[in-house]
Amino acid sequence: MNASGHHTAAGRFRRWARTMVAHRFGDAGARDRGGSAPEIYQSSTMGALLDGVYEGEVTIAELLTHGDFGLGTFNRLDGEMVVLDGTCYHLWSDGTAAVAAPTDRTPFAAVTRFRPGATIKITGPTGRDDVVALIDKAIPSENLVHAIRITGAFGSMRTRTVMKQSPPYPPLVKATEGQAETRFTDVAGTLAGFRSPDYEQGITVAGYHLHFLNAARDGGGHALDFRIDDGDIAISTASELHLSLPRSEEFLTADLRTSHLGDQIRQAEGG
Ligand code: ZN
């Protein structure tokens with residue numbers, strides 16, 4: 001830390017503000033009663049998915065031992081995943097959803113044990129950009145990972161869902177070219193996902209990555225755009241990352257260099 005950090009009035013103010021934020025956010029990022037910190041468990045990387053590594057060894061049953069909340073996809077890119085309240089849902093390209101089989105496998109998923117710290121109330125029509133701005137203002141730092149759960153009444157919701165691929169697998173940008181989009185209007189449900197730091201681009205999706213599951217839990221997808229009219233945003237902050245890398249031939253030989261990664265992720269993931 002430089003001199004201005006510790007010894008000036010501004011430095012003292014910053015330390016005081018940080019302490020206040022820590023109080024306001026409770027145990028976010030801190031050790032909890034069980035002695036273990038809220039952790040993000042992630043299987044494989046976004047970069048590997050971009051390169052067409054669509055088959056993983058991790059089963060849904062195993063994934064759920066690491067968290068009760070999160071998102072991902074399934075082997076062969078067969079749909080989107082939402083993990084909510086300890087249940088894993090499988091979302092297909094026609095916009096439908098059902099509880100995933102415990103024996104299903106995932107090539108990419110991230111989960112955490114969701115412990116709401118900050119909450120934000122939404123009481124009027126609010127678009128995606130404004131929701132994002134509200135969350136950005138509420139989080140203690142953009143350098144930690146924040147699990148985001150947005151529950152309420154959505155006036156509109158536009159989702160896409162990746163489609164099952166066959167080997168030899170095309171890169172994700174190709175696989176998502178003809179992606180199926182679904183539009184929901186006046187639908188109750190939950191957006192589940194993460195706000196990840198910029199420095200995590202390629203390991204995951206930097207910024208916001210949210211999947212939607214309707215309240216009936218029979219429809220949803222990867223959220224591209226939405227408007228929420230009434231609801232609650234809950235934020236669970238994590239500072240522990242558990243990255244589980246595959247040892248498959250496909251992963252070992254994938255091209256995971258980071259040039260052009262950001263553009264590819266924006267193209268494949270949208271929003
Ligand atoms: Zn997604």
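## Starting from Thr182

In which strand is Thr182 found? Thr182 is found in strand S12; helices (H or I, at least four residues) and strands (E, at least two) are DSSP runs, numbered from the N terminus. This is a predicted model, in which local features need pLDDT of at least 70 and side-chain atom pairs count only at pLDDT 80 or more, while totals for chains, interfaces and linings use all residues. Residues are numbered from 1 along each chain as its sequence is written, and side-chain values use heavy atoms, with hydrogens and water left out.

Thr182 is buried, with a relative accessible area of 15%. Here buried means under 20% relative accessible area, exposed means over 50%, and partly exposed lies in between (1.4 Å probe, protein chains only). Setting aside neighbours within four places in sequence, Thr182 is in contact with Asp94, Gly95, Met157, Arg158 and Thr159, where contact means heavy atoms within 4.5 Å.

## The chain as a whole

The chain has eight helices and 15 strands. Of its 271 residues, 49% are buried. Among contacts in the chain with a separation of 6 or more, 78% come from residues 24 or more positions apart.

The accessible surface of the chain comes to about 12,900 Å², and carbon and sulfur atoms hold 50% of that area. Accessible areas come from the Shrake-Rupley method with a 1.4 Å probe; for residues, only the protein chains shown count as cover.

## The zinc site

Three histidines coordinate the zinc ion at 2.0 to 2.1 Å: His209 (NE2), His211 (NE2) and His222 (ND1). Along the chain, these donors follow the spacing H-x1-H-x10-H. His211 lies in strand S13 (residues 207-214) and His222 in strand S14 (residues 220-238), so the pair ties together parts that are 11 residues apart in sequence. Both His211 and His222 are buried. Donors are N, O and S atoms within 2.8 Å of the metal (3.2 Å for Na, K and Ca); water is not among the atoms, so sites may look incomplete.

## Nonpolar cores

The largest nonpolar core has 23 residues, and those touching the most other members are Ile135, Ile150, Phe154, Met157, Leu191, Ile233 and Ile235. Strand S9 (119-122), H5, S11, S12, S13 and S14 each give two or more residues to this core, with the largest share, five residues, coming from S14. Apart from this core lies another, of 17 residues, among them Leu71, Leu91, Leu213 and Ala238. A nonpolar core is a set of buried Ala, Val, Leu, Ile, Met, Phe, Trp, Tyr and Cys residues joined through side-chain atoms within 4.5 Å.

Take a look at Phe154 too: not counting residues up to four places away in sequence, Phe154 touches residues including Thr185, Asp186, Leu191, Phe212 and Phe226.

## Salt bridges

There are 12 salt bridges, each being a side-chain nitrogen of Lys or Arg within 4 Å of a carboxyl oxygen of Asp or Glu. One of them joins Asp136 and Arg195, with the closest N and O atoms 2.8 Å apart. This pair links distant parts of the chain, with Asp136 in helix H5 (residues 128-138) and Arg195 in strand S12 (residues 180-196), 59 residues apart. Asp136 is partly exposed at a relative accessible area of 34%, whereas Arg195 is buried at 10%.

Arg195 also meets Glu142 in a salt bridge (3.7 Å, N to O). Glu142 sits in the loop between H5 and strand S11 (145-161), 53 residues from Arg195. Elsewhere, Glu177 pairs with Lys174, their closest N and O atoms being 3.5 Å apart, and both residues are exposed. Glu80, Arg160 and Glu269 are linked in a network of salt bridges.

## Backbone details

A cis peptide bond, with omega about 0 degrees, joins Pro167 and Pro168. Pro168 is in the loop between S11 and helix H6 (172-175).

Asp186 is in strand S12 and is exposed, with a relative accessible area of 64%. Arg217 is in the loop between S13 and S14 and counts as partly exposed at 27% relative accessibility.
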